[in-house]
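This briefing is for a student who is new to reading protein models. Please look over the sequence and the structure, then work through the points below.

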Amino acid sequence: MKKIVTISFIASTLLLTGCAQRIADFTLASTKNVNLNNGHFVEGPRVVGEDTKAIFIVPLGVPSIKEASDNTIEQDRCAVGLTDVAADSEFFSFLVGYVKYKIEGNLLIDKSKPGCESWK
């Protein structure tokens, strides 16, 4: 009985092991060309975007922080960047798993873009 408990504990520890860490914090971040002199910016809602790649014994790709940032910014067509940004990475693998970059921040809305003048 003691052997079964020990083996179960070791197996569950290996299967539930993962790692997450903060990569960076930014006050302002963008992967788009932004004219910061126009003064028509408003802060939008807090959003999260990510780029994830699967692992099946070996990684099936490399996630990109730029792709995660683009996925976050492009949630609103009037957004050109992010404020109060946090970038994290996550990793989980035991034969099968994933590698992920996650970006979280407040959208920076440019009201001078066509069709964005009446943004909330």
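With which side chain does the side chain of N106 make a polar contact of 3.3 Å? The partner is the side chain of E43. A polar contact is a pair of N or O atoms within 3.5 Å; within protein, one must be able to donate a hydrogen and the other to accept it, and residues adjacent in sequence count only if both atoms are side-chain atoms. This is a predicted model, in which local features need pLDDT of at least 70 and side-chain atom pairs count only at pLDDT 80 or more, while totals for chains, interfaces and linings use all residues. Residues are numbered from 1 along each chain as its sequence is written, and side-chain values use heavy atoms, with hydrogens and water left out.

**The chain as a whole**

- The chain has 2 helices and 5 strands, where helices (H or I, at least four residues) and strands (E, at least two) are DSSP runs numbered from the N terminus.
- Their order along the sequence is α-β-β-β-α-β-β.
- Of the 120 residues, 31% count as buried; buried means under 20% relative accessible area, exposed over 50%, and partly exposed in between (1.4 Å probe, protein chains only).
- The accessible surface of the chain is about 7800 Å², and 61% of this belongs to carbon and sulfur atoms; such areas come from the Shrake-Rupley method with a 1.4 Å probe, and for residues only the protein chains shown count as cover.
- Among contacts (heavy atoms within 4.5 Å) between residues at least 6 apart in sequence, 76% join residues at least 24 apart.

**N106**

- N106 lies in strand β5 and counts as buried because its relative accessible area is 12%.
- A second polar contact, of 3.4 Å, joins the side chains of N106 and D84.
- Beyond four places in sequence, the residues in contact with N106 include G44, P45, R46, G81 and L82.

- Residues up to four places away aside, A87 touches Q21, R22, I23, A24, K102 and I103.
- In α2, the buried residues are A68, S69, D70, T72 and I73, and these pack against β2, β4 and β5.
- S64 caps the N-terminal end of α2, with a side-chain oxygen 3.2 Å from the backbone nitrogen of K66.

- A nonpolar patch on the surface is formed by F56, I57, V58, L60, F94, L95 and V96, with about 730 Å² of accessible area together.
- Patches are made of residues with over 30% relative accessible area and no salt bridge, like charges being joined within 9 Å and nonpolar side chains (Val, Leu, Ile, Met, Phe, Trp, Tyr) within 5 Å.
- A salt bridge is a side-chain nitrogen of Lys or Arg within 4 Å of a carboxyl oxygen of Asp or Glu.
- V96 is in strand β5 and is partly exposed, because its relative accessible area is 46%.
- A54 lies in strand β2 (residues 41-56) and is partly exposed, at 42%.
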